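I opened a new notebook for this structure. Here is what I looked up, entry by entry.

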Amino acid sequence: MSTVLDIIASAGLWGAVLRIATPLIFGTLGALLCERAGVLNLGIEGIMTFGAMSGWLAVYHGADLWTGLLVAALAGAAFGLLHAALTVTLGLSQHVSGLGVTLFASSLSYYLFRLIVPLAGSPPTIVPFAPVSLPGLAGLPFIGPVLSAQTPPTYLALLLALLLAYVMFRTPLGLAIRMTGENPHAAEAQGVNPMAVRYGAVIVGSALMAMGGAFLTLSAFNSFFPTMVQGRGWICIALVVFASWRPGRALFGALLFAFFDAFQLRLQTAVDGVPYQVFLMTPYILSIVALCVMARRARVPQALMQPYRRGER
Amino acid sequence: MRFERREHRPLALVILTPLLAIAAALALSGILIAAAGAPVLEAYWRILVGAYGSRLSATETLTRATPLMLTGLAAAVAFRARVWNIGGEGQFYLGAIAVAAVGSQLLGNAPGYLSIPLLLITGAVAGMILLIIPLWLRLKFSVDEVVTSLLLNFVAVLVVSMLIDGPLKDPLAFGWPQSQAVPDVAMLPKLVFRSRLHWGFGIALILAFVIHFAQSRTVFGLKSRAAGLSPEGAVFAGVPLARTLLLVACVSGGLAGLAGAIEVMGVKGYVTTDLSPGFGYSGIVVAMLAGLHPLGVVLAALFTATMFVGADGMSRALKIPSYIADVTVALSLITMLVAVFFAQYRIRR
């Protein structure tokens, strides 16, 4: 029992929580934005992979880290455009299009990576984001060490969560997005163009997803390898439901999830006799449990997964 | 610009649709091949030769198509009823490890005519169980099965990894995490002498016809299609929705589990965590390429296997990453979706 308490009381754990949460925050916010406008974006897993690859590649070829993050966001936006064209303009099944985008984006990442970076014994690396400590906070007990272990994209993720919450519930734009996700016909009657709103939400949301992927290669690690996203995208999709489509709760959900993940990582080394795979399974099982607990209570955007065609019901 | 549903679809259009989609996908990946500085046409020619150029490569392509046919059928049956089974990969692995466990621990040296059917059923049941979980969660808690079946893929692979690292570990594998082998008598006989092609190919082919018959000529087929087209309408018409979906899940999960079982019993004999190069995920593409038609699945699986087997040799010769096969297959899924749309709708200004 005391080992468990020791783990929870360590600043290292909480530093890791923020680090593990960052890609999930980006991804969950991105998926949430898409779904609030009525489009399920299962392209997330592939878009995160492509973000991780393209951001890393840009930095590897001499761009600075922020440019790398921007490159990833633009690449994500491009895949968002593809998904929007398929699901908004053509009104195809959002499930199938999303899976198509995931398969395409991830295989294209592997192809381009292998083409540009030939197979080597040890993968080439870049110099990732360094932790920065915010002036004034570094001296605080406990919070100081936790925050000074963080890199700038983590702060960006936290700010984005606040920004998205503000835009979604305090601005006309947010109202238009939510209306489009609830009832696009009513939105159009109010002078909102549902097609444009959906395009915008999917493109921006996909850019956020790709930034989450880029965090993995530009901050958490320093190299790219296939399958590095490891289902994080799918976990984000589950987190959106857990968060009941609210940015604040999405932030909380991502942090809670990261807490369990960081905790199980440390428990692995502290507990003997249990296969490590049992610990690795917990994040996925936890996501499923969270979905079951929240699915009934969650307020699903009413027009989610429904294509909108003008003049058709 | 708006789209208008075509009232009449000429047969030529229906046949041309998948061909045009694949041509478009090949053209698009051609751009990627050209970007790599390789001759595009030669690359495709080498893929074809690599896949069918010799007796060995042709049988290899058919061997590769076998699990794809089964996971493709699994996805097609499920999607028809709008059961979004994205968990084929996990079901494949669970079927495989169940076969390895029962085959190596329980059967001893039971004769093949007993052990082979028993193991095939074992694998199918394991796959079924893994799909029944998300379906049950959907019916009970209204949780979208897309995400749950996807997440279970990761769980299943970790279960396999745990078992082949622990109780099922082969002590003779020099420390490699690899399961104990299925006894030789329980291996599927070869279909072609001195090749890897085994009777699993025949089983998959027969199942494609059986499922085609079941879907087009039986009450089950009607009910599962009704459940997919409109759940409310199906209930109104007296279709027991939960029971129908459960049956669909059993068939779909069973097929994916069977794919894993057959891959172990036909090719490898044991299980590792890289037994499947994404057969479960590719099965989804195969099903979509086939327009969810069981016989189309056979052709789509052959196309996909051709790309994967052919790309290996082509990539070595032309120095192009073999991931080009994955890109082409993924692109053909997207072009197929678009092509099917334009076969159903026309553009009106």
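**Entry: the model**

I note at the start that this is a predicted model. I keep that in mind for every value below.

**Entry: where the chains meet**

I began with the two chains. How many residues of chain B are in contact with chain A? I found 46 residues of chain B touching 44 residues of chain A. Together the two chains bury about 3900 Å². Of that area, 83% is on carbon and sulfur atoms.

Next I looked for charged pairs across the interface. The rule finds 0 salt bridges between chain B and chain A. For polar contact, I counted 3 residue pairs between chain B and chain A, both residues being at pLDDT 80 or more.

Then I asked which elements of chain B give two or more residues to the side that touches chain A. I listed β1 (2-5), α1 (11-35), α5 (112-141), α6 (145-165), α11 (279-289) and α13 (324-344) of chain B. The largest share comes from α6(B), with 13 residues.

**Entry: salt bridges**

I searched the whole structure. The search gives 6 salt bridges over all chains.

In chain A, the side chains of Arg299(A) and Glu182(A) meet in a salt bridge, at 3.6 Å from N to O. Which parts of chain A does this pair tie together? Arg299(A) lies in the segment after α13 (276-295), and Glu182(A) lies in helix α8 (residues 172-182), so the pair links parts that are 117 residues apart in sequence. Glu182(A) is partly exposed, at a relative accessible area of 26%.

Is Glu145(B) buried or exposed? Glu145(B) has a relative accessible area of 4%, so I put it down as buried. Arg138(B) has 22% relative accessibility and counts as partly exposed.

Also in chain B, Asp165(B) pairs with Lys169(B) in a salt bridge. The closest N and O atoms here are 3.8 Å apart. Asp165(B) is partly exposed at 35% relative accessibility. Lys169(B) is partly exposed too, at 26%.

I checked phi next. Most residues other than glycine have a negative phi. I noted two residues with a positive value.

Ser244(A) is not a glycine, yet its phi is positive, at about 55°. I located Ser244(A) in the loop between α11 (232-242) and α12 (247-270) of chain A. Its relative accessibility is 9%, so Ser244(A) counts as buried.

Arg82(B) also has a positive phi, near 55°. Where is Arg82(B)? I found Arg82(B) in the loop between α3 (55-80) and α4 (88-105) of chain B. Arg82(B) is partly exposed, with a relative accessible area of 42%.

I took Ser287(A) first. Ser287(A) sits in helix α13 of chain A. With a relative accessible area of 4%, Ser287(A) is buried. What does Ser287(A) contact, leaving aside neighbours within four places in sequence? I found Ile235(A), Ala238(A), Phe257(A) and Leu151(B). Leu151(B) belongs to chain B.

Ser133(A) came next. I found Ser133(A) in the loop between α5 (94-116) and α6 of chain A. Ser133(A) is partly exposed, at a relative accessible area of 41%. Apart from neighbours within four places in sequence, Ser133(A) is in contact with Ala138(A) and Ser148(A). I also checked Ser133(A) against Thr67(A). The two are 66 residues apart in sequence, and their C-alpha atoms are 22 Å apart in space.

**Entry: a nonpolar patch**

My last stop was the surface. Which residues make the nonpolar surface patch of about 520 Å²? I listed Ile8(A), Trp14(A), Leu134(A), Leu137(A), Leu140(A), Phe142(A) and Ile143(A). I followed up on one of them, Ile143(A). Ile143(A) is in helix α6 (residues 143-147) of chain A. Ile143(A) has a relative accessible area of 43% and is partly exposed.

Note on methods. Residues numbered from 1 in each chain as written. Chains lettered and ligands numbered in written order. Predicted model: local features only at pLDDT ≥ 70, side-chain atom pairs only at ≥ 80, totals over all residues. Heavy atoms only, no water. Patch = residues over 30% accessible without salt bridge, like charges linked within 9 Å, V, L, I, M, F, W, Y side chains within 5 Å. Areas by Shrake-Rupley, 256 points an atom, 1.4 Å probe, with all protein chains shown as cover. Salt bridge = Lys/Arg side-chain N within 4 Å of Asp/Glu carboxyl O. Helix = DSSP H or I, 4+ residues; strand = E, 2+ residues; numbered from the N terminus. Buried < 20%, exposed > 50% of the residue type's maximum accessible area, 1.4 Å probe, protein only. Contact = heavy atoms within 4.5 Å. Buried area = accessible area lost by both parts, 1.4 Å probe. Polar contact = N/O pair within 3.5 Å; in protein donor to acceptor, adjacent residues only side chain to side chain.
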